[in-house]
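Let's take a friendly look at the charged side chains here and how they pair up. Have the sequence and the model open as you read.

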Amino acid sequence: MGTSLEFIDNSAHDLPVRGFVHRPAEPGADCLVLTHGAGANCQSLLLTALAEAFCAAGLTVLRCDLPFRQLRPHGPPSRGSAERDQDGLRAAVACMRKETAGRIFLGGHSYGGRQASMLAAKEPGLVEGLLLLSYPLHPPERPDQLRTAHFPSLQIPALFAHGTRDGFGSIAEMEAALKLVPARTELLTVPGAGHELMSNRTRDDLSVRLVGTFWSFVNDGAA
């Protein structure tokens, strides 16, 4: 078993990195930075379960709170916070670069995943891959308001995990959107899941499936 410890890095005083770091008993070289959605924090069921599962598979995992959540414990991000939240993810990646010489992957749920993908589109060399959980393709019942403007600029592999009952985008809509991404992508479908993606009942099975699929995806052709 690995260990989970509170993580605080205040070296960039205006953008502290705060969360929990999971270090495996026999660490490999790779690391995953995970963040949360608009209504949650880094202690959500999804992030905690995945951090434990990826750690058990040998990855160091940092699950961190975005800057908007550090400023207010509840409620969604305010208008104009996206750029600062992306800066916070960049700072989190920089912290993990100090801890490992291996690959760094960046991921997040919903809003957090969107910010991770937008940051990666602007800075393609920042990380080696993306794990996007319940990507919020459009607001519920507003399929004309697609959040895909940056997809053609994504230059790194991206695994999307999406529930079949997610109101932020159907599986068919996700499949169409992924065709806009020039880099290698894969869509992992989670039958019966809504936007939350995971429940206590599905926690263990989904964690194993996500870890296995992501690990195979990022190592595909990496001989």
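Arg-203 counts as partly exposed because its relative accessibility is 22%, where partly exposed lies between buried (under 20% relative accessible area) and exposed (over 50%), using a 1.4 Å probe and protein chains only. Arg-203 forms a salt bridge with Glu-52, meaning a side-chain nitrogen of Lys or Arg within 4 Å of a carboxyl oxygen of Asp or Glu. This pair links distant parts of the chain, 151 residues apart: Arg-203 sits in helix α6 (residues 203-218) and Glu-52 in helix α1 (residues 45-56). Helices (H or I, at least four residues) and strands (E, at least two) are DSSP runs, numbered from the N terminus.

This is a predicted model, in which local features need pLDDT of at least 70 and side-chain atom pairs count only at pLDDT 80 or more, while totals for chains, interfaces and linings use all residues. Residues are numbered from 1 along each chain as its sequence is written, and side-chain values use heavy atoms, leaving out hydrogens and water.

The count comes to seven salt bridges, including these:

| Salt bridge | N to O distance |
|---|---|
| Arg-203 and Glu-52 | 2.7 Å |
| Asp-87 and Arg-90 | 2.7 Å |
| Arg-90 and Glu-123 | 2.6 Å |

Arg-90 in helix α3 and Glu-123 in the loop between α4 (111-122) and β6 (129-133) are 33 residues apart. Shared partners join Asp-87, Arg-90 and Glu-123 into one salt-bridge network.
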